[in-house]
Amino acid sequence: MIARVLMTGVIAGLVAGLAVAALQHVTTTPLILAAEVYETAQHAHDGAEASAALSGLSRTAATSVATVAFSIGYALILLAAMLLSGDAIAPRRAALWGACAFAATGLATSLGLAPQLPGMAETDLAARQIWWLATALATGAGLFALLRLDSAAAKIVGVALIILPQFFAPQPATPESTAPAELAARFAASSLAVQAVSWALAGALVGLVWRLLSREREVS
Amino acid sequence: MTANSSVNSTALASSRLEALRAAAIALVLGFGLVWLAGFAYPESVHDASHDTRHALSFPCH
């Protein structure tokens, strides 16, 4: 069981991660690179030095490895959630779990902290990370209570868990950015699309790989 | 009959326990990977994961 869970997570995450890395390469990454041109120009103007640590092929490779790591993590989290809730692990159901995870980690967090390009004004990192994590977890738990529990009390708690974190969102920094607003808007939209694809693909592939591995086990 | 059903329920309980154990391991590993790729501070990890953190809207910088 443990071996099958880990194998499913790794295979599904690897395939989903490579597909998402390709998607990033043509959607979000070009916008990040364009924003860095503006950021570097501003730094040069200010007399400061700033350059990206990685460039070219090594940067693409590092980004792809990171994306695969995220996707394997997403796949394992979805597997754990379905096992804990006693759900059957199948492609359509797993993709729905992925959609809910996207609502929690993508939509809910973007309300308080919009996807950001390099060069945009930022507040304290640790505070933003804590709020992001707390909001994703609370929204996920809230969605579970709302969609899977029957009692009215559980549904009320679910709605509260989804809404409350939004009141504690970090104060946004004074809107200052070296990147043009048009670029930032395109990036925010692309980022949400990439996140949606990451979760849905991780979910669907988890269901598919799980089914294949289970069938293999029955045959042998 | 009773013996049979108790054997069945023991088997069911042990398979549920196995599923919970697998879920716990998957959860720890999954969160570990997401934490490393999305939140960890070491500069080398941050630099490698930079573009993906931005793309997936994890707080960065």
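Residues are numbered from 1 along each chain as its sequence is written, while chains are lettered from A and ligands numbered from 1 in the order in which they are written. Because the model is predicted, local features need pLDDT of at least 70 and side-chain atom pairs count only at pLDDT 80 or more, whereas totals for chains, interfaces and linings use all residues.

**Exercise 1.** Work out how α4(A) and α7(A) are arranged relative to each other.

Solution. Start with the elements: helices are DSSP runs of H or I with at least four residues, strands are runs of E with at least two, and both are numbered from the N terminus. Helix α4 of chain A covers residues 91–112 and helix α7 of chain A covers residues 181–219. Axes are lines fitted to C-alpha atoms, for helices over the stretch in contact, and angles run from 0 to 180 degrees between N-to-C directions. Angles over 145 degrees count as roughly antiparallel, under 35 as roughly parallel, 65 to 115 as roughly perpendicular and the rest as oblique. The two helices are therefore roughly antiparallel. By class, their contact has 15 nonpolar, six polar and two charged residues. Here Ala, Val, Leu, Ile, Met, Phe, Trp, Tyr, Cys and Pro count as nonpolar, Asp, Glu, Lys and Arg as charged, and the others, Gly among them, as polar.

**Exercise 2.** Check the length of α5(A) against its residue count.

Solution. Helix α5 of chain A (residues 125–148) has 24 residues. The expected span is 1.5 Å times one less than the number of residues, so α5(A) should span 34 Å. Its end C-alpha atoms are 34 Å apart, which agrees.

**Exercise 3.** Decide whether Val37(A) is buried or exposed.

Solution. First locate Val37(A): this residue lies in helix α2 (residues 28–46) of chain A. A residue is buried if 20 or more other C-beta atoms lie within 10 Å of its own, exposed if 12 or fewer, and partly exposed in between, with C-beta atoms placed from the backbone. Val37(A) has 12 C-beta neighbours inside 10 Å, so Val37(A) counts as exposed.

**Exercise 4.** Find which element of chain B gives the largest share of the side that touches chain A.

Solution. Residues are in contact if their C-beta atoms, placed from the backbone, lie within 7 Å. The contact takes 29 residues from chain B and 42 residues from chain A. On the chain B side, α1 (2–38) and α2 (43–55) each give two or more residues. The largest share, 16 residues, comes from α1(B).

Conventions
Two residues are in contact if their C-beta atoms, placed from the backbone, lie within 7 Å.
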